[in-house]
Amino acid sequence: MVVGGTGVDTVVRVDALPVPLADSHPVGPIHEWPGQTGGNVALGCRALNLDVTLIDFIGDDRPGRMVQERLAAGGVRCEPVHSPAGTRRAVNLVDPAGRRMSFYDARAVPGARLPRESFLPLLRRTRHVHLTIMDFARHLFDDIAALGVPVSTDLHDWDGAADHHRDFALRADLVFLSAARTGGRTPAVMREILRSGRAGAVVATAGADGSWLLTRGGGDTPLRIPAARPPAPVVDTNGAGDAYVSGFLHGRLAGLDPLSCARQGAVAGAYACTGEGTTALIGGAELSAQVCTSGS
């Protein structure tokens with residue numbers, strides 16, 4: 001079960017980042033890709049043959065219909081709850097190397113809460129919950145804990161201090177984050193999550209520099225997992241981190257150890273970079289084959 005984090009990305013390809021200040025820039029075709037972090041994780045898990053249900057606030061608008069159509073086409077069951085603010089949007093600038101800069105329109109409704117009757121029946125029959133860091137998602141933690149369902153979250157580029165992310169960092173069983181903001185403080189942030197929270201494992205991703213894994217009882221030094229080699233040229237890094245999460249969760253639900261899960265995540269993330277939007281979703285057989293080929 002995935003909670004929150006859907007929307008539509010408008011992807012603009014630029015010659016370089018940062019974009020030089022100018023009145024206008026000629027660019028190639030501009031594409032819209034429904035997905036965003038929650039949708040991408042759900043689609044990635046479904047491509048790996050996991051049964052997935054996603055629940056989220058979605059607007060009664062064209063972007064909302066795009067999201068629901070994409071999820072349906074990918075085999076994900078969607079349980080939309082109406083958002084009067086509309087469906088979330090983002091504009092992502094992508095350079096020729098696949099690096100991106102995202103401008104995110106959260107479309108938040110202050111104080112919004114998912115009705116308990118909309119998610120409790122789903123929680124009672126799920127093996128695992130992935131919470132995106134939408135503010136309303138934090139209010140599911142008590143019900144998730146009461147039912148004893150394992151939960152993961154992705155803090156994205158958390159700086160290790162912002163209050164918004166703290167509940168997610170300390171109450172999830174499995175925590176993902178990007179090393180983009182923490183840099184040299186990444187190991188310390190990972191240790192603090194384990195020391196102060198309930199997580200049994202923390203993963204920090206760093207794109208082409210690989211990822212780091214720290215597990216409870218596994219020592220104080222994160223283990224580096226090298227980045228996997230993409231099987232084709234890199235086209236777009238949008239969604240690569242979400243694909244990593246999907247690959248890791250696939251391994252976890254299959255009973256693999258955290259290191260094997262991280263290696264699966266690395267392969268799934270690299271594969272996602274070879275297509276635009278959510279067009280490159282690795283399947284289970286190909287994931288296994290590429291993990292073996294990489295020597296993991």
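Modeller: A residue is termed buried under 20% relative accessible area, exposed over 50%, and partly exposed in between, with a 1.4 Å probe and protein chains only. The model is predicted, so local features need pLDDT of at least 70 and side-chain atom pairs pLDDT 80 or more, while totals for chains, interfaces and linings use all residues. Residues are numbered from 1 along each chain as its sequence is written, and side-chain values use heavy atoms, without hydrogens and water.

Biologist: Which residues of H9 are exposed on the face turned away from its buried side?

Modeller: They are Ala 285, Cys 292 and Thr 293. Helix H9 spans residues 284–293; helices (H or I, at least four residues) and strands (E, at least two) are DSSP runs, numbered from the N terminus.

Biologist: What makes the buried residues of H9 line one face of the helix?

Modeller: The buried residues are Gly 284, Leu 287, Gln 290 and Val 291. Seen down the axis of H9, they fall within an arc of 130°, so they line one face; the arc is that of the directions from the helix axis to the C-beta atoms. In general, an α-helix has 3.6 residues a turn, so residues three or four places apart point the same way.

Biologist: Against which helices do the buried residues of H9 pack?

Modeller: They pack against H1 (36–47), H7 and H8, where contact means heavy atoms within 4.5 Å.

Biologist: Why does His 250 count as buried?

Modeller: Its relative accessibility is 16%, so His 250 counts as buried. This residue lies in helix H7. Leaving aside neighbours within four places in sequence, His 250 is in contact with Leu 48, Leu 50, Gln 264 and Leu 287.

Biologist: Why is the pair of Phe 176 and Tyr 244 called edge-to-face?

Modeller: Rings of Phe, Tyr and Trp (its six-membered ring) pair if their centres lie within 6.5 Å; planes under 30 degrees apart count as stacked, over 60 as edge-to-face and the rest as tilted. A search of the whole structure finds 4 aromatic pairs. For Phe 176 and Tyr 244 the centres are 6.5 Å apart and the planes at 80°, so the pair is edge-to-face. Phe 176 lies in strand S10 and Tyr 244 in helix H7 (residues 240–253), so the pair ties together parts 68 residues apart in sequence. Both Phe 176 and Tyr 244 are buried. Ring pairs link these two residues and Phe 248 into a cluster.

Biologist: How do you know that S9 and S10 pair?

Modeller: Two strands pair if DSSP finds at least two bridges between them. Strand S9 (residues 151–154) and strand S10 (residues 174–178) have 3 bridges, in the parallel sense. Within S10, Phe 176 is the bridge partner of Asp 154.
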